[in-house]
Amino acid sequence: METRKTEGAKLKKDILSKLNNLEEQIVFIEERSPQIVAEYRAKLEEKMKELLADTQIEENRIAAEVILFADKICTDEEVVRLKSHIRHMRDTLEEKEGIGRKLDFIAQEMNREANTILSKANDIEVSNHAISLKTEIEKIREQIQNIE
C-alpha cells in the first residue's frame with residue numbers, strides 16, 4: 001500500500017511537471033501569433049509594391065488580406081481550451097480515487113487542441129512548439145495508463 005502511494009506521488013509530480021512544460025509551449029505560441037500576422041502583412045505589402053511598382057496600393061485591400069490570414073491561423077480558442085484542460089487536469093490530480101479514466105479523457109481533449117494548433121500553424125516555430133505540445137501530451141497519456 002505504501003509503495004502505491006509513493007509511486008502515485010511520483011506520477012503526480014511527473015505529470016505536474018509536464019503540465020508546466022505545456023504551459024511554457026502555450027506562452028510561446030500566444031506571443032508568436034501576433035508576430036506572424038505582422039510579418040505576413042509586411043511581406044504582403046512588399047510583394048504588392050514590387051508587383052505594382054508605382055501604382056497606388058489600396059490599404060483596404062491589404063487589410064482585408066491580412067484579416068483573412070489572421071483568421072485562418074488564429075489559435076486563440078484552442079489555446080483557451082488547452083489552458084482550461086490543464087487546469088482541469090491539475091484539479092483532477094488532487095482528487096483521491098478513480099481518476100485514471102477522467103485524466104485520460106482530459107488528455108484526449110488536450111491532444112485534440114494541440115492537433116488543431118498544429119494544423120493552423122503557418123510558422124515553423126509555432127509548428128515546432130505544437131509538436132512539443134503533442135509529444136508532452138503523449139507522455140502524460142502514457143503516465144496516466146498507470147493510474148486507476
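Predicted model: local features only at pLDDT ≥ 70, side-chain atom pairs only at ≥ 80, totals over all residues.
The protein chain contains five helices and zero strands, and its elements follow one another along the sequence in the pattern α-α-α-α-α. The radius of gyration of the protein chain is 21 Å, well over the 15 Å that the globule rule gives for 148 residues, so the chain is more spread out than a compact globule. Along the principal axes, the C-alpha atoms fill a box of roughly 80 × 20 × 15 Å. Among the contacts in the protein chain with a separation of 6 or more, 73% are accounted for by residues 24 or more positions apart.

Of the 148 residues in the protein chain, 33% are buried, and the accessible surface amounts to about 9600 Å², with carbon and sulfur atoms contributing 50% of that area. The charged side chains comprise 25 positive and 32 negative ones, and the centres of these two sets lie 5 Å apart.

The count of aromatic pairs comes to one. This pair is formed by Tyr-40 and Phe-69, which are stacked with a distance of 3.8 Å centre to centre and an angle of 10 degrees between the planes. Tyr-40 belongs to helix 1 (residues 2–52) and Phe-69 to helix 2 (residues 59–73), so the pair ties together parts that are 29 residues apart in sequence. The two partners fall into separate accessibility classes: Tyr-40, at 25% relative accessibility, counts as partly exposed, whereas Phe-69, at 7% relative accessibility, counts as buried, the limit for a buried residue being under 20%.

How values were computed. Residues numbered from 1 in each chain as written. Heavy atoms only, no water. Helix = DSSP H or I, 4+ residues; strand = E, 2+ residues; numbered from the N terminus. Rg over C-alpha atoms; globule rule 2.2 N^0.38 Å. Buried < 20%, exposed > 50% of the residue type's maximum accessible area, 1.4 Å probe, protein only. Contact = heavy atoms within 4.5 Å. Areas by Shrake-Rupley, 256 points an atom, 1.4 Å probe, with all protein chains shown as cover. Lys, Arg positive; Asp, Glu negative; His and termini not counted. Charge placed at Lys NZ, Arg CZ, Asp CG, Glu CD. Phe/Tyr/Trp six-rings, centres within 6.5 Å; stacked < 30°, edge-to-face > 60°.
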